[in-house]
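Thanks for coming. I have one structure to go through today, and I'll keep it short.

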Amino acid sequence: MEGHLLEVRGLSISFTQYEKGLHQTELPVIRDLNVTVDRGELVAVIGSSGSGKSLLAHAVMGLLPYNASSSGEMLYQGEPLTESRKRELRGRNIVLVPQSVSYLDPLMQVGEQVRKGKKGPAILEKCRRVLGSYGLGPETEPLYPFQLSGGMTRRVLISTAVMEEPELVIADEPTPGLHLEAARRVLGHFREMAEQGAGVLLITHDLELALQVADRVVVLYAGTAIEETDSRSFSREETLYHPYTRALYRAMPEHGFSSVPGNQPYVKELPSGCPYRPRCERAKGECAGAVPFERTDRGGVRCLRWREWAFGQEEPSLREEAAL
Ligand SMILES: Nc1ncnc2c1ncn2[C@@H]1O[C@H](COP(=O)(O)OP(=O)(O)O)[C@@H](O)[C@H]1O
Ligand SMILES: [Mg+2]
């Protein structure tokens, strides 16, 4: 088999919006996104709400809403991932652990949902084994979704997804509503899937949790991937190259919770050039123009000034700060 398990190249997604009368505008919600996932690897895509994370998941699954248009390329095991191939692979080779627990049928017992209506002793045995591997005993099988705690519901959703032993798992925000211990356990399950050879794309807004399990991290800001790096780069601020990634680093509790004024822009109000420009202390006039994604020693970054400021050539005060 050739190539990455999944390769997304230059994915852009937009919605056509009709305003008063015949006025029609394009809302670019994801722009020129590149992501790869290999077998045995857990890649986290992190970004705050509205940054385009679920759309990325749905684009890979072939589940974009009808009013979305997309461009770019997707390859699966080196072959084009066409819409018909997505339909073939979906639910078997590629599975989605959805963001919303409303994907469970409220009127169907847990066992039945996990078995997806299939019958026979082999499937019953497998269902029991899968649920058991997530700490859910046989007593869970006759329960209905409303009888489950948040953590149990997440584990049932995961069980449903892994019944087919997928090669690629896309988990869309699998931890909200869970207390820290339960969230850690759920992420631990995705880590195990990667250890067992699956590729995992973990979509989350929780950087701290993601860093505990991810090999690589892709940071989204307002629909644009601004940095891709090794998880280990987050052990020091100097090894992060985008000003927004550094801001995320400084916002982590162990680094002092400091925040950057302002908000991520809504797609309708995107500035030209770098979407982080209005909040960036280092923005210059040229940042209003095109900003390409450049390869770095650790992944890639989309910042015109990253070399200059990340290595502190022009700003010794920053270098000292980073060394502290
Ligand atoms: N069907 C749709 N029509 C128009 N805009 C949409 C639609 N679905 C999502 N969006 C917009 O796309 C952006 C990204 O959405 P989404 O991928 O759900 O974000 P996230 O999962 O990161 O919170 C949001 O600004 C959202 O409002
Ligand atoms: Mg989402």
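This is a predicted model: local features need pLDDT of at least 70, side-chain atom pairs count only at pLDDT 80 or more; totals for chains, interfaces and linings use all residues.

Residues are numbered from 1 along each chain as its sequence is written, chains are lettered from A and ligands numbered from 1 in the order in which they are written, and side-chain values use heavy atoms, with hydrogens and water left out.

The whole chain, then. It has ten helices and twelve strands; these are DSSP runs, H or I over at least four residues for helices and E over at least two for strands, numbered from the N terminus. The radius of gyration is 21 Å, which agrees with the value near 20 Å that a compact globule of 324 residues would have. That radius is taken over C-alpha atoms, and the globule rule is 2.2 Å times the number of residues to the power 0.38. Along the principal axes, the C-alpha atoms fill a box of roughly 70 × 55 × 40 Å.

Of the 324 residues, 51% are buried, meaning under 20% relative accessible area with a 1.4 Å probe, protein chains only. Take the contacts (heavy atoms within 4.5 Å) between residues at least 6 apart in sequence: 65% of them join residues at least 24 apart.

Now helix α1, residues 53-61. Why is α1 largely enclosed by the rest of the structure? Because eight of its nine residues are buried. Among them are Lys53, Leu55, His58 and Met61. Just after α1, Gly62 has a positive phi of about 80 degrees.

That helix brings us to ligand 1. Its shell has 13 residues, and Gly50, Gly52, Lys53, Ser54 and Leu55 are the closest; to be in the shell, a residue needs a heavy atom within 4 Å. α1 supplies the largest share, three residues.

Which backbone atoms lie by oxygen atoms of ligand 1? A polar backbone atom of Gly50 is 2.7 Å from one, a backbone N or O atom of Ser54 is 2.9 Å from one, and for a backbone N or O atom of Leu55 the distance is 3.0 Å. On its own, ligand 1 has 570 Å² of accessible area, and the protein covers 71% of that, by the Shrake-Rupley method with a 1.4 Å probe.

Technical notes. Buried means under 20% relative accessible area, exposed over 50%, partly exposed in between (1.4 Å probe, protein chains only). A polar contact is a pair of N or O atoms within 3.5 Å; within protein, one must be able to donate a hydrogen and the other to accept it, and residues adjacent in sequence count only if both atoms are side-chain atoms.
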